[in-house]
Amino acid sequence: MFSLRTRLTAALSFLLITLLISSVYAQNLENVKTNMLNRKPAIDTLKNQGVIGEGNNGYLHMLQATPGVQNVVNAENADRRVVYEAIAKNQGAPVATVGARRALQIAEIAAPGHWLQKPDGSWYRK
């Protein structure tokens, strides 16, 4: 029904759009990585102070109400969500499962004194 030229043009357009989306997505992940690395010293300080802790879902949680900290936590958690979504898409797993697995990894490498959440929801200090 459609000419060969029309089908080839449509296929090429689809390929170019897919490549553009992939490029933007990869650039976004690179930006997320940079943001997370830049934010790490502040997060480590807050963890050392006991202001924030690592939840059993792979996200940061406020443990003490401290001005300005919620913005850092929200930014970090938003970036973690982007990473978890990318991993979930790659593995065909739910985002929540990826986050829970990451929480276990974080707990293993957490520094002494950092607050962690157990799978049952209770908090402990490593």
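**Pocket and sheet**

Modeller: Helix α1 contributes the most to the lining of the largest pocket, at 7 residues. Helices (H or I, at least four residues) and strands (E, at least two) are DSSP runs, numbered from the N terminus. Bear in mind that this is a predicted model, where local features need pLDDT of at least 70, side-chain atom pairs count only at pLDDT 80 or more, and totals for chains, interfaces and linings use all residues. Residues are numbered from 1 along each chain as its sequence is written, and side-chain values use heavy atoms, with hydrogens and water left out.

Colleague: Which residues are the closest to the centre of the largest pocket?

Modeller: A pocket here is an open set of points on a 1 Å grid over the protein atoms alone, where a 1.4 Å probe fits, with protein on both sides within 12 Å along at least five of seven lines; lining residues have an atom within 4 Å of a point. The space in the largest one is about 570 Å³, the volume being what probe spheres set on the points fill, with points joined across faces, edges and corners. Of its 24 lining residues, the closest to the centre are Met36, Glu76, Arg80, Arg102 and Ile106.

Colleague: Is glutamate 76 buried or exposed?

Modeller: Glutamate 76 sits in helix α2 and touches Met36, Arg39, Ile43 and Leu60, leaving out residues up to four places away in sequence. Contact means heavy atoms within 4.5 Å. The cut-offs are under 20% relative accessible area for buried, over 50% for exposed and partly exposed in between (1.4 Å probe, protein chains only). At 5%, glutamate 76 is therefore buried.

Colleague: Which side chain makes a polar contact with the side chain of glutamate 54?

Modeller: Glutamate 54 belongs to strand β1 and is buried, with a relative accessible area of 3%. A polar contact is a pair of N or O atoms within 3.5 Å; within protein, one must be able to donate a hydrogen and the other to accept it, and residues adjacent in sequence count only if both atoms are side-chain atoms. At 2.7 Å, the partner is lysine 47.

Colleague: And the sheet: what is the order of its strands?

Modeller: Two strands pair if DSSP finds at least two bridges between them. β3 (residues 115–117) and β4 are antiparallel over 3 bridges, with leucine 116 opposite tyrosine 124 in β4. The 4 strands form an open sheet with mixed pairing, in the order β2-β1-β3-β4.
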